[in-house]
Amino acid sequence: MEFGKLCSWEKQGNRVVFQFEKRTGRVEILTPEIFNVFSGVVSEEHRSKAIEGDKSVAVDFTAAEADGAVEISTNAVTARIYDDFKVDFYKADGTVLCRDYRGSRKICAGLSDELKALKEAEGHNVEEQRTEAVEVVKQLEGDEAFYGLGDKTGFMDKRGYEYVMWNTDDPAPQMDNFKSLYKSIPFFITLHKNAVFGLFYDNTYRSCFDMGKESEEYYWYGAADGNLDYYLIAGESMPEVLGNYTYLTGTVPVPQKWTLGYHQCRWSYKTEAEVRQLAADFRRYEIPCDAIYFDIDYMDGYRVFTWNKDNFTDPDQLITDLKEQGFQAVTIIDPGVKKDEDYYVYREGIEHDYFAKDVNGDVYINAVWPGDSAFPDFGRQEVRDWWGEKHQFLLDKGIMGVWNDMNEPASFNGPLPDDVVFTEEDEITNHKWMHNVYGHNMSKATYQGLRRLSDKRPFVITRACYSGTQKYATVWTGDNNSLWTHLRMAIPQLCNLGMSGYPFAGTDIGGFGSDTTGELLVRWYQVGCFSTLFRNHSAMGTRRQEPWLFGKEKLDIIRKYVELRYELIPYFYDLFHEHLSTGLPVMRPLVLEYEKDINTHNMNDEFMIGSQLLAAPVVEQGATKRMVYLPAGEWVDYWTKEHIAGGQYIIRDAPLDTCPIYVKAGTILPKYPVEAYIGTKEQKKLILEVYAGDGEYEHYQDDGLDFAYEQGAYNLYRFSHTGNGELEEKLLHEGYPKYEEIDIKYIP
Ligand code: GLC
């Protein structure tokens with residue numbers, strides 16, 4: 001985009017509007033720490049799917065000309081705007097956050113080779129597109145590390161790699177060189193010597209993020225279309241930046257408590273008998289479990305909102321019986337609606353004109369699991385409402401969660417052409433604009449439908465999403481494989497999802513494709529028991545991987561870690577409660593807690609759960625020892641209770657039954673007694689493990705089920721201790737029946 005010389009500027013409310021020779025641009029001050037840089041290409045106002053509602057607050061700021069620039073300052077950030085809409089950002093003390101790059105690019109227009117090839121493959125005239133490409137090039141100040149960008153493969157620090165935001169279902173085993181996956185989260189946090197900040201490029205078109213691959217001098221972002229619309233998000237620390245990003249795009253509502261238990265899935269448990277046997281086996285082998293999934297085969301010919309009555313003669317009774325045994329049922333729902341005149345969902349969609357069309361005005365058809373299918377046009381409120389209402393069918397059966405898949409949208413007869421007609425609320429638009437938010441809009445439809453039809457907190461899982469979808473759905477990382485490299489990748493992937501506003505996430509434990517081994521499965525449980533979505537899932541045709549299929553030794557170890565998760569459920573639940581006000585994830589890369597410690601900056605095989613627990617799982621085949629880095633402070637080995645000084649690497653024995661875990665000295669760790677399931681019952685007893693040292697902890701308690709907490713039906717406790725002295729308890733809010741028993745265990 002070319003702007004030319006700055007001709008004039010003026011303050012308009014919380015905006016400063018700039019007239020350049022060739023275009024207008026503006027800087028909007030939303031909060032002292034959040035600045036938006038905008039120039040309209042497809043619309044004069046934001047067209048955000050991620051940000052809902054007006055997030056601007058009254059901010060005191062100054063705007064004045066200084067040294068050939070217009071300088072806009074709040075008490076936290078200064079932006080300097082120059083000719084050609086070059087924008088530089090500084091902290092209040094003058095430290096550079098980021099500056100636009102002034103040199104010439106090696107590739108001088110907005111598309112990388114990757115993006116060019118993709119566009120050419122789709123039949124676009126690349127040269128023609130280049131002039132309109134929206135691109136922002138930022139100077140590399142030297143030591144930047146980049147975190148976030150959603151579910152991308154590879155490592156924690158994204159420096160030196162290039163990614164494409166285009167929600168993609170690629171069945172090949174995911175490798176570090178994958179450019180895109182299922183999710184598009186165009187947000188990253190930059191950490192450099194003296195500063196940290198986030199950049200959120202709110203543009204849903206196919207875009208490219210080059211994090212310093214093309215050059216050691218700059219990193220850049222470019223989209224083929226859409227507005228120049230990005231946010232500089234400042235803060236004193238990474239947690240503050242993340243808090244500001246989730247202030248903009250939303251936080252995850254506290255989930256139903258049972259969703260934090262263990263979930264079992266397979267493509268597919270195909271018959272009623274199989275599901276009943278599975279449930280019985282969980283209780284027989286005494287592996288706690290809260291959820292059983294129904295993958296696509298529960299449906300009649302993969303028709304969504306139907307049930308296969310041949311294999312499930314009485315689904316209502318089955319779900320009722322499962323519930324009695326403490327299992328909640330979750331069903332998959334894909335977006336593709338089978339083209340079948342005799343099928344009620346297809347007929348309704350046609351009758352009300354709810355499906356996307358081709359350029360000739362005919363309903364657009366592509367193939368997914370049911371064969372030829374139509375795609376609901378979820379960008380329209382009335383389509384979302386209709387889809388939401390359809391869930392009554394599942395709720396009537398007692399279904400407690402909905403798993404949205406294939407919503408990139410995936411298609412088997414080639415990708416959807418760019419010109420498929422979709423709607424963005426009232427505006428007719430196309431696939432190019434709507435692709436990356438298709439999963440977002442579908443999840444929103446599902447969430448809002450469940451919210452209207454039931455008093456429970458909706459539990460929705462989605463594969464595809466955009467920034468902001470966290471308000472509506474939990475995510476999993478899609479079709480991984482039973483490979484050690486994929487177990488290793490799970491840690492940076494989940495940690496970066498957390499750094500992208502997605503604290504509720506999981507990987508398919510054991511691996512989806514390929515055959516697992518007992519050792520890999522055990523090690524995966526040792527990571528998975530700390531991921532918020534704790535689900536074992538595998539593909540049709542692969543070796544089965546239920547916990548009891550690999551001999552007694554492995555079964556006992558898996559039970560140990562599933563039980564550990566069940567003990568820690570109040571801790572996980574508290575972390576979700578904390579997330580609401582802070583935006584912090586549950587599973588955290590060490591760098592989020594210890595950003596000043598360079599050893600943490602690219603730590604791919606350790607992570608924190610909240611700020612009290614550190615896990616250093618074994619992710620190498622055959623390894624029985626590992627190096628563990630403990631950041632500064634005093635730590636307690638969770639298993640031996642030995643005290644260890646931090647600020648050093650140690651070697652820890654880690655035979656198959658051991659996942660090294662460390663607890664910060666002074667921690668007050670809440671636990672529940674292990675039970676076969678959490679379900680919908682009330683927890684009457686709380687256990688507090690009090691580790692020697694000083695500590696303070698807030699614990700949240702409610703019914704774990706509905707929205708009564710919004711009317712005050714919850715308790716908030718504050719526990720504190722100094723040294724190993726008595727634990728003090730203070731009730732900060734009382735609105736729910738208190739525990740019948742609090743059992744305090746001092747750990748010297
Ligand atoms: C997709 C999903 C996978 C699911 C399968 C069948 O591959 O990612 O989880 O089991 O479709 O529905």
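Here are legends for a few close-up views of this predicted model.

Residues are numbered from 1 along each chain as written. Local features need pLDDT of at least 70 and side-chain atom pairs pLDDT 80 or more, while totals for chains, interfaces and linings take in all residues; side-chain values use heavy atoms, with hydrogens and water left out.

View 1. Around the ligand sit residues including Trp 267, Asp 295, Asp 405, Arg 463 and His 537 (a heavy atom within 4 Å). Look for ligand oxygens in polar contacts (N or O pairs within 3.5 Å): 2.5 Å to a polar side-chain atom of Asp 295, 2.8 Å to one in Arg 463 and 3.0 Å to one in Asp 405. The protein covers 97% of the 310 Å² of accessible area that the ligand has on its own (Shrake-Rupley, 1.4 Å probe).

View 2. Glu 28 and Arg 15 form a salt bridge, N to O 3.4 Å (Lys or Arg side-chain nitrogen within 4 Å of an Asp or Glu carboxyl oxygen). Glu 28 is in strand E3 and Arg 15 in strand E2 (DSSP runs of at least two residues), so the pair ties together parts 13 residues apart in sequence. Both are buried (under 20% relative accessible area; exposed is over 50%, partly exposed in between; 1.4 Å probe, protein chains only).

View 3. Arg 559 and Asp 556 meet at 2.9 Å, N to O. Both lie in H13 (residues 552-567), three residues apart (helices are DSSP H or I runs of at least four residues). Arg 559 is buried at 17%, whereas Asp 556 is partly exposed at 28%.

Key:
Polar contact = N/O pair within 3.5 Å; in protein donor to acceptor, adjacent residues only side chain to side chain.
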